[in-house]
Amino acid sequence: MKMLRYTLVAAALLGGQALMFSAPAAAADKVCKLAITGNDSMQYDKMSLSVAADCTQVQLTLTHIGKLPKEAMGHNWVLVKTADLAAVANAGMGAGLANNYIQAGDKRVIAHTKVVGGGESDTVTFPTAGLAGQSLSYLCTFPGHNALMHGTFKVG
Ligand SMILES: [Cu+2]
């Protein structure tokens with residue numbers, strides 16, 4: 001009986017320790033929210049976006065504040081390395097609306113929303129790991145839009 005009691009006490013102590021170790025990791029996870037809009041004039045409302053260096057996740061919401069349907073004036077938000085912007089836009093053009101104008105399996109795409117039309121919005125959440133210090137850009141890959149719809153993205 002005494003043995004069992006010691007075992008329970010040891011288990012309780014170990015459990016307590018495990019909790020103490022896991023708590024700081026959970027507290028260190030910081031989700032930072034960003035918002036951007038697109039309109040019927042083929043424009044984002046922001047030319048640059050950034051989050052602080054201690055953000056571990058970014059939660060970005062794209063809202064289409066226009067009235068036109070996505071078939072005519074759809075917008076998405078696609079994050080890439082700046083050097084990949086033109087190539088991702090070209091590859092996405094042929095992918096079609098059903099694929100959100102993103103080429104299937106395109107590894108150059110770091111994160112993206114779906115294509116939204118007037119009155120719609122979409123949110124994407126992605127980790128910032130490895131993004132700090134990189135030259136990043138976002139764009140809309142709807143055919144012909146990236147010339148006007150692009151901006152710079154910075155972590156830190
Ligand atoms: Cu667009």
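**Ground rules**

I number residues from 1 along each chain, as its sequence is written. Because the model is predicted, I take local features only at pLDDT of at least 70 and side-chain atom pairs only at pLDDT 80 or more, while totals for chains, interfaces and linings use all residues.

**Entry 1: the chain overall**

I counted elements and found 3 helices and 8 strands. Helices here are DSSP runs of H or I with at least four residues, strands are E runs of at least two, and both are numbered from the N terminus. Read along the sequence, the order is α-β-β-β-α-β-α-β-β-β-β.

I then looked up burial: 26% of the 156 residues are buried. The cut-offs are 20 or more other C-beta atoms within 10 Å of a residue's own for buried, 12 or fewer for exposed, and partly exposed in between, with C-beta atoms placed from the backbone. For contacts, I used C-beta atoms, placed from the backbone, within 7 Å. Of the contacts with a separation of 6 or more, 70% join residues 24 or more positions apart.

**Entry 2: the sheet of 3 strands**

I traced an open sheet in the order β1-β3-β6, with mixed pairing. Two strands count as paired if DSSP finds at least two bridges between them. β1 (31-38) and β6 (121-127) are the edges; each has a single partner strand, so one side of each lacks a neighbour in the sheet. Neighbouring strands are turned by 20 degrees against each other on average, direction ignored. The axes behind that value are lines fitted to C-alpha atoms (for helices over the stretch in contact), and angles run from 0 to 180 degrees between N-to-C directions.

I checked both pairings of β3. β1 and β3 are parallel over 8 bridges, and glycine 38 stands opposite histidine 64 in β3. β3 (residues 57-64) and β6 are antiparallel over 7 bridges.

Lysine 81 has leucine 136 in β7 as its bridge partner.

I picked leucine 49, found in β2 (residues 48-51). Leucine 49 is buried, since 21 other C-beta atoms lie within 10 Å. Leaving aside neighbours within four places in sequence, leucine 49 is in contact with Leu34, Ile36, Tyr138, Gly151 and Phe153. Leucine 49 and tyrosine 138 are 89 residues apart in sequence, yet 8.9 Å apart in space, C-alpha to C-alpha.

**Entry 3: the core**

Which residues have the most contacts inside the largest nonpolar core? I listed Trp77, Val78, Leu79, Tyr138 and Leu139, in a core of 26 residues. Such a core is a set of buried Ala, Val, Leu, Ile, Met, Phe, Trp, Tyr and Cys residues joined through C-beta atoms within 7 Å. The elements giving two or more residues to it are β2, β3, β4, α3 (85-93), β7 and β8 (150-155).

Tryptophan 77 touches Ile36, Leu60, Leu62, His112, Thr113, Tyr138 and Cys140. Valine 78, in β4, is buried because 28 other C-beta atoms lie within 10 Å. Valine 78 touches Val88, Ile102, Val109, His112, Tyr138, Leu139 and Thr141.

**Entry 4: helix α3**

I noted that Val88, Ala89 and Gly92 are buried in α3. They cover an arc of only 100 degrees around the axis, so they lie on the same side of α3. The arc is that of the directions from the helix axis to the C-beta atoms. An α-helix has 3.6 residues a turn, so residues three or four places apart point the same way. What covers the buried residues of α3 includes β4 and β7.

How values were computed: Two residues are in contact if their C-beta atoms, placed from the backbone, lie within 7 Å.
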